[in-house]
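Okay, thanks for making time, everyone. Let me put the structure up and then we'll walk through a few spots.

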Amino acid sequence: MTLMQKAITPSLAHAHLTQGHDRIAGYVVRAEDVAFATTPAQLFEVHGLGYPGSPFSPYDRSIDILRFESSPQLQYRDVP
């Protein structure tokens, strides 16, 4: 089993936890590859959240992370 993780906005976290939202899209990382990242600044960096218009900041008090098992339906592409 490969555990994956994705940074998500607080509103998306709320939708998953309270409204049964069950879809996710975008870049994910293997949890084991970024296990060292425990601060918001580190999570911001390892998840590549510094893109134009990003709702995230390395100075956020926290960054929500969604973890899930990999499955055959996921498509993976290596990115630099």
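This is a predicted model: local features need pLDDT of at least 70, side-chain atom pairs count only at pLDDT 80 or more; totals for chains, interfaces and linings use all residues.

Now, what does arginine 30 pair with? Aspartate 33: the two form a salt bridge, and the closest N and O atoms sit 2.8 Å apart. That is inside the 4 Å cut-off for calling one. In general, side chains of opposite charge can pair when their charged atoms come close. And aspartate 33 is also partly exposed, at 39% relative accessible area. How many salt bridges turn up in a search of the whole structure? One, so if you look for charge pairs on the screen, go to arginine 30 and aspartate 33, because those are the residues that make a salt bridge.

Okay, on to the sheet. We have three strands in an open sheet, ordered β2-β1-β3, and the pairing is antiparallel. At the edges are β2, residues 29-30, and β3, residues 64-69, each of which pairs on one side only. Arginine 30, our salt-bridge residue, falls within that β2 edge strand. Then there's β1, residues 3-8, which runs antiparallel to β3 and is joined to β3 by six bridges.

Alanine 7 comes back in the next bit, as it's one of the residues lining the second largest pocket. That pocket has a volume of about 160 Å³. Which element gives the largest share of the lining? That would be β1, with three residues. Others in the lining include Leu12, Tyr27, His47, Tyr51 and Phe56. Sorted by class, the lining comes out as seven nonpolar residues, three polar and one charged.

Last stop is valine 46, in helix α2, which covers residues 40-46. Valine 46 has 23% relative accessibility, so it counts as partly exposed; buried would need under 20%. What does valine 46 touch, leaving out residues up to four places away in sequence? Val29, Val34, Phe36 and Ala37. Val29 belongs to the β2 edge strand. And back to aspartate 33: valine 46 is 13 residues from it in sequence, with 9.2 Å between their C-alphas.

Note on methods. Residues are numbered from 1 along each chain as its sequence is written. Side-chain values use heavy atoms; hydrogens and water are left out. A salt bridge is a side-chain nitrogen of Lys or Arg within 4 Å of a carboxyl oxygen of Asp or Glu. Buried means under 20% relative accessible area, exposed over 50%, partly exposed in between (1.4 Å probe, protein chains only). Two strands pair if DSSP finds at least two bridges between them. Helices (H or I, at least four residues) and strands (E, at least two) are DSSP runs, numbered from the N terminus. On a 1 Å grid over the protein atoms alone, a cavity is a set of points where a 1.4 Å probe fits but cannot get out, and a pocket is an open set with protein on both sides within 12 Å along at least five of seven lines; lining residues have an atom within 4 Å of a point. Grid points are joined across faces, edges and corners, and a volume is the space filled by probe spheres set on the points. Ala, Val, Leu, Ile, Met, Phe, Trp, Tyr, Cys and Pro count as nonpolar, Asp, Glu, Lys and Arg as charged, and the others, Gly among them, as polar. Contact means heavy atoms within 4.5 Å.
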